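Hi,

Here is the structure I promised to pass on. Have a look at it first, and my notes on what turned up follow below.

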Amino acid sequence: MAVAAKWAFCAFLGIMLLHIFAILLFTRGFLLTRSELSQYSQCNDVDDSPCFSPPRDQTSNGSCWNKPVVDRLVIIVLDAIRFDFVAPSTFFAEKKPWMDKLQVLHEFASQNRSSRIFKAIADPPTTSLQRLKGLTTGGLPTFIDVGNSFGAPAIVEDNLIHQLVQNGKRVVMMGDDTWIQLFPHHFVTSYPFPSFNVKDLDTVDNGCITNLFPALYEDDWDVLIAHFLGVDHAGHIFGVDSTPMVEKLEQYNEIIRKVVGVLDSQSGPGGLHENTMLIVMGDHGQTLNGDHGGGTAEEVETAIFALSSKKPSTPLLATPDGSSCQLDTHGKRICINTIQQLDFAATVSALLGVPFPFGSIGRVNSELFSLAGGTWNQESSPTSNDQSPSEIDNSMQNYVNLLCINSWQVKKYIDVYSSLSLIGFSEQDLLHVSKLYSEAQELWSITSKNFSLDKTQRPFASLPLIKRQLDAYSVFLESVADLARSNWTEFNLKMMGVGFCIMLSSLFLHVYLIGRLNKLSGLHSCSSGYSIGLFGVTFACVIVLIRASSFLSNSFILEEGRVATFLLATTVIFQLRCALMKKMMFLEALVLCLLVPFLRISIELGQLKQAVNSLFLKVDPSQSLGIDNDSQFWMYVAEVLPTLALILVAYLLYKNIAVCPSQGIWKYVVAGTLFNYMLIPFHWASDSSLLIMQKLPDGVKGNLIPRVTYAAGLLQLSLLTIGQLAFRKRASNSEETTFVKSLALLSAWSSTIIILSGKQGPLVVLTLLIGGWCIIRLLALEQDAKNDCSLSYALAVTQWSLLAVCMFFSTGHWCAFDGLRYAAAFIGFDEFNLTRQAILLTIDTFGFSHILPIFGLPFLVTCYYSLKQNKQVFNLRLCQVYLMYGFITALTATFTMLCVAIQRRHLMVWGLFAPKFVFDVVGLLLCDVLIFLSALYYIA
């Protein structure tokens, strides 16, 4: 007994530690994280900076951190616009059919110095929602944004749209309804259109056109956003090199021409658009197949076209080295600069004179800012009332002061982030950026004094000094951006590789330990002599490998529940054939075979979000089943059926514990569960719209019964722990003792799991009992009275695992964060407590798929133990069953890790593969913990 207990403790603890270490390393390289902070930039924050701030009398006229240089802004977002859609074909080695279709942009960029084309570089992931979030926050969104918005689509951290609204800017939106999801209460007027039908190329675009042109003649907005989707949808359906794509680009060409025409017609002195800027931009690019989401050049390279109705009186701040100039197809010179999308939020904030978003790490782009013709009025500086310098010097003073504010804001964010976030930057990195900022500020102390001097008193080299200051701030801001990218957007392949290799080593350890148990227990392998069990073991291995390999495909991940039912049905058909051949266990095989279609139907229902919300968590399940409200009979059936199922489960539990010899404390635990089963129907009835319980006290109708159930469950688990410590030396029969202990442990958990899962709970438990009973009975087909095979449990354990997977999906869960049933975490409680709600949500999510199946695994050994061996052999066989189950779970998690490593730049990596990875590794760690606890409970 001591050998088995010590062996089990060391083996399962070692495997669990290996998995923890492997997952931590792999996750550190893959799921790059960023904490969302709750701080927001305020207008008066700039008073704490070392930079010049607008005087108080200007703040009321629209200034905040700086004087605005544009009055109105029109932003036209052309979703999935590639850079080669916008730039002339002369910029590329080979002309393609989709190039030079936006000729209007070439015309204005070559003729008018107040307009320019930029190559915009996006940061992956290049999905529309993540890009819009990055554009408006000025940050680098990652898969896990730890903060208040977890699980919710709306952006709650500081962002450009929030700053515009807070500072009195009126924002109008039309087009892609993603904007409404991100900013649900920010727009004075909005015209959202559904964006999910990629086969529809025109609905969203036509909606934009209908509302855009009338709005351009109105004066009830300051910022207008129009988001077109036709190019994105055309790419997804037809690809880039297609007629619909060319037609869409030609349509956009005419739309932009008309928009510029409207702006020009009212750009005169006193006109509605006297000082309006137009920005036409893409949120990301796309591959030739129309895909996006990854980090290839085609996906991250998009474009920005900016045009100001106000003609700038000073030269642009761009340096010749920063531009790429070519002649277009008409022989006119066009220069294109590069801009990071990371800089968009800060630059637009500066253009409109609003505070930069608190979490922005971008910098004000000099070319785009100077395009608006803004100048810094020296007379407005609080440090001087002297004469203004020359225009070019004045313009550069304005910009260098903006970079001072910009750098101060970024440094403030980095300091706050590092102090509040658990996932901060390394001390070495923080020291490096702090040193760069200190150097820039030391130079600023000289530069700012130079600004306060009279023009005649200034040193002759003031312009070189300003350029040095610009370089110092630029180096600091670029360093912070590079640091953020290395922490938040770049995968660490070496760390992922080490983690994956450790996971592989754990699989080999599983196999070695399973084989080692054969020698310790004195049992032979299935290879000695012909046995149907040998084929069963091979068949089980093939089934496990097929399921694990299916995770390499996004289609099979989406259909994981249906794949599990198919594989379970395949094993059952094999056993049905064996039952017919042996003329035994036919009824059990037939029942399990009939159970599979029921599981498939429950999975189909479970994957319907409406079914989850109304059938299983609400009080009127008949509605989700399509039952007419006038059909009182069927509505009562839907209400009463769960109670009847719960009564049947209680009867089976009582019958099994009653036939067992007296086992002391374990029987009292089961009695407590039966009492909980009596209370649960009253909880359902108190919330029912049909079964109104008038005589129940108000306390019973609310949270009392769930809380009593939770408390009873904790008490039962405590009693089992006491019983384990007090009676561990008194057991005389291993099989009977383990059976009773398993029954008691499962009953202690079952009442909490049932009440969290709602009225589906008893039906699921009943399904699990029937399926488990059939699997246990069908073990007889693998056993041979004369030839006891050490691996005869392989097929049964595989079926047990597949049944657990089916339970996960049939209860309305799926591997995505919107597949979590958050309402279950509040059953019994009205107020929020993170720890309590997290525990309840975990129990609801993994109760039927992990907790009950793993704690119930000993039934495979106790209910069919053909040869009465000594206690040590029994315990070693129990360890072998748990090792098999752990191996299956670890193998599927390993293949999931391989999948996300291969598909890390796939379009669906953040929407599908990463959530699947999170659920699988959490499930694996939970499985390891439960197996370890089971070993302590059943063996130690």
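**Strands, rings and a surface patch**

Let's start with the strands: Lys119 stands opposite Thr338 in E11. Keep in mind throughout that this is a predicted model. E10 and E11 make a hairpin with five residues between them, and Gly331 in the turn has a positive phi of about 80 degrees.

Now for the aromatics. A search of the whole structure gives 23 aromatic pairs. One of them is Phe30 with Phe917: the ring centres are 5.6 Å apart and the planes stand at 80 degrees, so this one is edge-to-face. Phe30 sits in helix H1 (residues 2–30) and Phe917 in helix H33 (residues 909–938), so the pair ties together parts that are 887 residues apart in sequence. Both Phe30 and Phe917 are buried.

Trp444 and Tyr473 make a tilted pair, with 6.3 Å from centre to centre and 50 degrees between the planes. Here the link is between helix H15 (residues 427–451), which holds Trp444, and helix H16 (residues 462–488), which holds Tyr473; the parts tied together are 29 residues apart in sequence. Trp444 counts as buried because its relative accessibility is 3%, and Tyr473 counts as buried at 0%.

The charged end of Lys741 sits over the ring of Tyr937, 4.9 Å from its centre. Lys916 lies over the face of Phe551, at 4.1 Å from the ring centre.

Last, the surface. Which residues form a nonpolar patch there? They are Tyr636, Val637, Val640, Leu641, Leu644, Ile647 and Leu763, and together they have about 550 Å² of accessible area. Helix H24 (residues 632–658) supplies the largest share of the patch, six residues. Leu763, by contrast, has its place in helix H28 (residues 761–777). Its relative accessibility is 32%, so Leu763 counts as partly exposed.

Cheers

Methods:
Residues are numbered from 1 along each chain as its sequence is written. This is a predicted model: local features need pLDDT of at least 70, side-chain atom pairs count only at pLDDT 80 or more; totals for chains, interfaces and linings use all residues. Side-chain values use heavy atoms; hydrogens and water are left out. Patches are made of residues with over 30% relative accessible area and no salt bridge: like charges are joined within 9 Å, nonpolar side chains (Val, Leu, Ile, Met, Phe, Trp, Tyr) within 5 Å. Accessible areas come from the Shrake-Rupley method with a 1.4 Å probe; for residues, only the protein chains shown count as cover. A salt bridge is a side-chain nitrogen of Lys or Arg within 4 Å of a carboxyl oxygen of Asp or Glu. Helices (H or I, at least four residues) and strands (E, at least two) are DSSP runs, numbered from the N terminus. Buried means under 20% relative accessible area, exposed over 50%, partly exposed in between (1.4 Å probe, protein chains only). Two strands pair if DSSP finds at least two bridges between them. Rings of Phe, Tyr and Trp (its six-membered ring) pair if their centres lie within 6.5 Å; planes under 30 degrees apart count as stacked, over 60 as edge-to-face and the rest as tilted. A charge sits over a ring if NZ of Lys or CZ of Arg is within 6 Å of the ring centre and within 35 degrees of the ring normal.
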